[in-house]
Amino acid sequence: MRVTQGTFSFLPDFTDQQIHEQVQYCIDNGWAVSIEYTDDPHPRNTYWEMWGHPMFDNPDAAAVVYELNECRKVYGSYYIRIIAFDSSPGWESIRLSFIVNRPSEEPGFKLSRTEVKGRNIQYSITPYSNDKPQGSRYK
Amino acid sequence: MPDGDKKLDAKARYSAGVLEYKKMGYWEPDYLPKDTDVIALFRITPQDGVDPIEAAAAVAGESSTATWTVVWTDRLTACEKYRAKAYRVDPTPNNPNEYFAYIAYELDLFEPGSIANLTASIIGNVFGFKPLKALRLEDMRLPVAYVKTFQGPATGIVVERERLNCYGRPLLGATVKPKLGLSGRNYGRVVYEALKGGLDFTKDDENINSQPFMHWRDRFLYCMEAVNRASAATGEVKGTYLNVTAGTMEEMYKRAEFAKELGSVIIMIDLVIGYTAIQSMAKWARDNDMILHLHRAGHGTYTRQKTHGVSFRVIAKWMRLAGVDHIHAGTVVGKLEGDPATTKGYYDICREEQNSVSLETGVFFDQDWASLNKVMPVASGGIHAGQMHQLIHYLGEDVVLQFGGGTIGHPQGIAAGATANRVALEAMVYARNAGRDYLAEGPTILAEAAKTCTPLREALDIWKDVTFDYASTDAPDFVPTTSVS
């Protein structure tokens with residue numbers, strides 16, 4: 001399966017040039033761009049690990065692409081995403097978030113059902129890869 | 001102003017009998033509205049021979065303190081304060097028998113935090129008033145002091161996006177069709193296919209409540225099976241608007257509680273449940289971390305005709321105060337009424353921190369929303385993937401695009417229809433961000449994306465000629481002014 005979180009997961013994977021274009025769009029809007037990685041793609045895993053702080057005063061997308069490739073050298077088998085933060089009043093949150101690196105194999109998610117009273121079912125979603133400890137989930 | 005319109009002294013004013021409204025103090029051309037006044041703008045069509053200023057004063061009177069005759073009991077009150085004041089009457093551009101009347105209302109006329117009370121005053125009595133042929137509430141200015149007495153949207157656009165983990169693009173939805181007759185089990189199939197294929201949301205239609213063919217619990221259970229299956233299949237947060245509209249508040253709370261128990265991220269209500277019920281559900285939604293979707297069922301009966309009723313921009317303002325998170329606000333290019341400029345006005349009211357006067361989009365007042373959450377507008381009705389460039393151009397990024405027929409009617413099936421919409425959307429946002437002239441190049445961008453997406457190719461082929469190009473019945477009346485350069 002393919003984890004389709006993020007703004008562009010239904011498009012073919014981006015080249016570095018395409019990533020550069022999108023990052024520059026964010027920078028030109030005044031947003032701070034950040035790189036985050038994880039080996040837990042659960043849809044409600046909010047806090048991926050940060051590859052450094054958001055690059056607040058960086059005017060050039062090339063610096064982000066450079067850092068992305070540094071991150072890939074260490075976490076190339078992980079999910080990596082680009083996130084853009086907008087500090088404007090009334091927003092103060094994320095404006096764009098897209099996956100730029102993913103494991104070569106994505107085993108997907110296990111759906112567990114617990115039948116409770118009446119016909120009610122409680123659902124739980126777990127990434128199959130989470131059976132292994134953090135750091136050893138993807139090759 | 002004719003001499004006869006001058007204010008009378010107290011003795012003459014309160015002598016028993018019938019007096020023109022404008023002489024009773026409801027017409028004050030020199031009045032400067034206070035920052036704390038509620039201001040209403042009415043489009044007035046007086047009966048033949050009725051003076052437009054008297055008509056405006058009558059509307060001010062009948063929507064505040066007046067009755068048809070002089071009453072001495074006025075003098076037991078600070079009646080000058082409580083009288084609404086018509087202070088400006090302009091002929092309507094292009095419509096000789098219609099007038100724009102501006103009326104200011106003292107803040108103390110209204111109960112804090114009650115749309116029911118606000119509307120009982122402003123639209124409670126005057127719309128059937130005989131001296132008027134027709135009356136339309138065009139816009140309102142709500143003072144910050146009053147805005148602050150309302151909860152506002154339970155969740156708001158920003159937190160909704162954080163909760164859904166979805167940024168940078170419009171959300172995608174679809175209404176399950178056919179709207180009536182599916183069993184719970186069959187209904188859930190549509191939800192599953194559409195969400196798995198790439199939509200963020202599916203939606204109950206306005207009249208899906210609890211009927212013989214599908215009772216509400218059955219629908220909720222099958223829908224949540226579908227939502228969770230789709231979430232596991234994609235790794236995304238998914239939702240389906242579970243319509244909790246019912247005959248009583250008790251029943252609605254019961255259904256909402258069950259939706260919460262099942263883990264739904266969103267519930268839905270219809271406008272026809274009434275303003276108080278909407279405010280109650282908004283409060284419940286805030287207390288329970290639930291996104292609240294409003295379907296504007298019934299609004300066309302009073303919003304569509306230009307001379308009589310209530311403009312939808314006013315309904316949008318009331319609903320932002322009342323506290324809904326989603327509201328259907330038009331598509332511009334789809335099958336339902338919607339002039340592009342007027343629709344932009346509605347969207348601005350839902351999404352901006354502050355609205356500025358913009359006569360070309362029908363916004364007559366500056367409006368400060370005082371940090372009330374923003375409402376996510378929903379575009380639904382006769383739209384399809386081939387219009388993606390126009391939809392993003394007209395409606396922007398913070399909107400739910402709902403393709404019902406445009407998903408479920410896809411020749412390769414529902415999931416393929418959903419995928420076509422998602423790919424078209426992501427390709428268009430990508431092109432926009434990359435600096436392309438996406439509106440002009442829209443069809444090319446879609447054709448390029450379709451090269452690697454067969455479902456999109458089929459969608460573009462089958463719906464390429466579908467447009468709904470009819471004259472709008474509700475466009476703003478304004479005089480274009482030359483810009484100062």
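These are my notebook entries on a predicted model with chains A and B.

**Confidence.** I checked the scores before anything else. The predictor assigns the complex an ipTM of 0.97 and a pTM of 0.94. For chain B I read a mean pLDDT of 92. In that chain, 95% of the residues reach 70 or more.

**Sheet in chain A.** I traced the strands next. Chain A has an open sheet of four strands, in the order β2-β1-β3-β4. The pairing is antiparallel. I looked for the edges and found β2 (49–50) and β4 of chain A, each of which pairs on one side only. I then followed β3 (residues 79–86) of chain A. Seven bridges join β3 to β4(A), and the two run antiparallel. I picked out one bridge: Ile83(A) has Ser97(A) in β4(A) as its partner.

**Contact between the chains.** I looked up both sides. Chain A puts 29 residues into the contact and chain B puts in 31 residues. On the chain A side, the elements giving two or more residues are α1 (16–28), β4 (93–101), β5 (109–115) and β6 (121–127). Which element gives the most? I found that β4(A) does, with five residues. I sorted the chain A side by residue type and got 17 nonpolar, eight polar and four charged.

**Cross-reference.** I flagged β4(A) for a second look.

How values were computed: Residues numbered from 1 in each chain as written. Chains lettered and ligands numbered in written order. Predicted model: local features only at pLDDT ≥ 70, side-chain atom pairs only at ≥ 80, totals over all residues. Contact = placed C-beta atoms within 7 Å. Nonpolar A, V, L, I, M, F, W, Y, C, P; charged D, E, K, R; others polar. Pairing = 2+ DSSP bridges. pLDDT = per-residue confidence, 0-100.
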